[in-house]
Amino acid sequence: MSLSKKISQKQLLFGLAIVLGSLTILYFLTRAYIVAEAKESLYHTNFRIEQQLVQQKEVTSLFPLFEIHQVEHLHPDTLKDTIIFDVLQNENELFKELNVYKTINTKNYHIITRTLMVEYDDTLLTILITFGVIIILVYLTQFIYNKNLNRTIWTPFFKNIETLKAFSIRSEQAIQLEASDISEFSELNIEIEALTSKLSTDYHNLKQFTENLSHEVQTPLAIIQAKIENLIDGSKDLEQDHLKTLYDIQDNTKRLSKLNKSLILLTRIDNQQFHDVEAISVNTIIEELLENLKDIWNHKKLEINFSSRSETRILMDRSLADILFSNLIGNAIKYTNANGNITIATTSDSFKISNNGDNKITGSDQLFHRFYKENRQSKSLGLGLAIVKKICDYYNFELTYTYSNNIHEFEIQF
Amino acid sequence: MKILIVEDKIELQQSIVTYLQKDGHICETASNFSEGSYKSDLYAYDIILLDINLLDGSGLDILKTLKEEHKHSGIIIISANSSLEDKLKGLDLGADDYLTKPFHLAELNSRIRAVLRRGHYEGNDIINFNEISINTTSRTVVVNGVDIVLTRKEFDLLLFFITNKNRVLSKEIIAEHLWGDHSDLLDNFDFIYVHINNLRKKLTHKGAKYIQTTYGSGYKFTDT
């Protein structure tokens, strides 16, 4: 729920409660007051009548307002409500009635005084309604005013939320937030600016560090390789197993170098350093690759079927295209057992490669993660598919892997 | 041949010198940008190996100057950068070839030879080794006057061997020369053995003996 709505909702409910509450209290208080006033008025009239009687003056009854009767016996005084037909209103009305029994000048009198409650009730009603209307009006005006106030006060805040959404750590520019004279918002702005600035700096530093590290690594590797090669070259002076060791070192240096190059590639793609796009003919790349690797797959006696329904052209960086298809096709060649079968099919917007394999890949949800190797003993780096995935993500190609009927299949939708 | 090596990593520079000197090349070195500019300007070299990422300048600027002054050296750029843009920039500026570190010295040797051939400095298209004659332009091989048919890879292999004759070449180096990054598709390098055997079969009986196996999976092409 939005801020505005929530505040409004709470305010309205609260307002409702206040209105109802105050009306109720007002009703009871006013009523009590009115009743007290009515009673007092009755006693007052009663007293006046008593005074008249004490002075031996004649008092005539005026029904229904007051009646004076002489009676035999005294009874306790009562105060009660009665309903009497009122000629003036021409209907039954509620009266409050005071019955007083008193001995005055040795005579027993029963004095009845009454007052019409409806006037009082009308007054009560008018008071309540007036009050109700006023309080509701006041409340509504407050509410509307608050709503507008909220809107203006919070607008910079909402704008800043949008700015934050659009912000990227990678951008070179600092975040631009809308200023506000409200101290809390100002404070928030300052903290956000500091935080994003630090994040950006950290990110750029890390990026730079990774790039520098990779480049630094290449030089010692180059030196190691060169020295080993010179050593091997002077091998008439070397013992046989020393020679073997040197070859092993060379192998591992090659691995390190490949690892380093792959990591550099991954970071480069992350940093979006591949801006060039050309129209790439996928079929040509595949054909060249197959031709280049012909000896290898022939040696394994693999059968490779390549079919394309139409010319497939995609827009991307050429070197990335080479790497993408080279990794997928190379993997297929590497991981298909001898005498196996590889099928490659392209359509105008997709590329599919499948090979037969007896074992389902157990970690298929991790397949595209860096360094994931299905066979942990394998000498492979585990980066090939991670690179494929990254390239696909970069160009918004959809990459899927499925395994069914003993066939591994990778498909790319361009 | 006279070769200038412009590289600020001294150890690497010296390793290259050691390797190339074995073939009888005269090697001179420059360890920074100013020395590199100075020497390449003052003297004439057949081949200049140029490192792009020098500490005090870019090798590309030396390249530009060389081209502006119409110097006739063959230029090979070596760089720690494997980015395509740098590669294209270097080649656009007129470099003859481009190698990224780390590289095999045997590979460097091949490239130097190729550049020399293209520039026609001792650069015949024909390379002879005893009775074997290789024509690099037409990519044909003649042994004792008889044409022999080699596959593309077999031709590359033979050329690589002869260019690096008397050098020990490990299977790994050979695989990398022939298949580049794809060399790791081979489960093991026994495949290389098969390849080399095929080549041996196609050469004469005497020729096959040139390809010697050294212990620990290496090969040497030699007639000694």
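Trainee: Helix α5 (residues 282–292) and helix α7 (residues 318–335) of chain A have axes that come within 10 Å and cross at roughly 50 degrees. Why are α5(A) and α7(A) called oblique?

Mentor: Angles between N-to-C directions run from 0 to 180 degrees, taken on lines fitted to C-alpha atoms, for helices over the stretch in contact. Under 35 degrees counts as roughly parallel, over 145 as roughly antiparallel, 65 to 115 as roughly perpendicular, and the rest as oblique. The angle here is roughly 50 degrees, so α5(A) and α7(A) are oblique to each other. The model is predicted: local features need pLDDT of at least 70 and side-chain atom pairs pLDDT 80 or more, while totals for chains, interfaces and linings use all residues. Residues are numbered from 1 along each chain as its sequence is written, and chains are lettered from A and ligands numbered from 1 in the order in which they are written.

Trainee: Which residues of α5(A) and α7(A) meet?

Mentor: A:Ile285, A:Ile286 and A:Leu289 of α5(A) meet A:Ala321, A:Asp322, A:Phe325, A:Ser326 and A:Ile329 of α7(A). Two residues are in contact if their C-beta atoms, placed from the backbone, lie within 7 Å. By class this contact has 6 nonpolar, 1 polar and 1 charged residues. Ala, Val, Leu, Ile, Met, Phe, Trp, Tyr, Cys and Pro count as nonpolar, Asp, Glu, Lys and Arg as charged, and the others, Gly among them, as polar.

Trainee: What makes α4(A) roughly parallel to α8(A)?

Mentor: Helix α4 (residues 240–270) and helix α8 (residues 384–394) of chain A pack at about 15 degrees, with axes 10 Å apart. That angle makes α4(A) roughly parallel to α8(A). The crossing of α4(A) and α8(A) is left-handed. A:Ser262, A:Leu265, A:Leu266 and A:Ile269 in α4(A) meet residues of α8(A), including A:Ile387, A:Lys390 and A:Tyr394. The contact divides into 7 nonpolar, 1 polar and 1 charged.

Trainee: What are the elements counted in each chain?

Mentor: Chain A has 8 helices and 11 strands, and chain B has 9 helices and 14 strands. Helices (H or I, at least four residues) and strands (E, at least two) are DSSP runs, numbered from the N terminus.

Trainee: How do you know that the span of helix α3 of chain A agrees with its number of residues?

Mentor: The expected span is 1.5 Å times one less than the number of residues. For the 51 residues of α3(A), residues 183–233, that is 75 Å, and the end C-alpha atoms are 75 Å apart, which agrees.

Trainee: What makes α3(A) roughly parallel to α1(B)?

Mentor: The two pack at an angle of about 25 degrees, with axes 9 Å apart. That makes α3(A) roughly parallel to α1(B). The crossing is left-handed. In α3(A), A:Ala222, A:Ala226 and A:Asp233 are among the residues that meet α1(B), where B:Leu12, B:Ile16 and B:Tyr19 are among the partners. The contact has 6 nonpolar, 3 polar and 4 charged residues.

Trainee: How many residues does each chain give to the contact between chains?

Mentor: Chain B gives 32 residues and chain A gives 34. On the side of chain B that touches chain A, α1(B) gives the most, with 6 residues. That side of chain B has 14 nonpolar, 11 polar and 7 charged residues.

Trainee: Why is B:Glu176 called partly exposed?

Mentor: A residue is buried if 20 or more other C-beta atoms lie within 10 Å of its own, exposed if 12 or fewer, and partly exposed in between. B:Glu176 has 19, so B:Glu176 is partly exposed. B:Glu176 lies in helix α7 of chain B, where 8 of the 9 residues are buried. Apart from neighbours within four places in sequence, B:Glu176 is in contact with B:His104 and B:Ser183. The C-alpha atoms of B:Glu176 and B:His104 are separated by 8.9 Å, though the two are 72 residues apart along the chain.

Trainee: What covers the buried residues of α7(B)?

Mentor: They pack against α4 of chain A together with α5, α6 (152–163), β12, α8 and β14 of chain B. Among those buried residues are B:Ile173, B:Leu178 and B:Trp179.

Trainee: How much of each chain counts as buried?

Mentor: In chain A, 19% of the 414 residues count as buried. In chain B, buried residues make up 41% of the 224 residues.

Notes:
Left-handed = near helix turned anticlockwise from the far one by under 90°.
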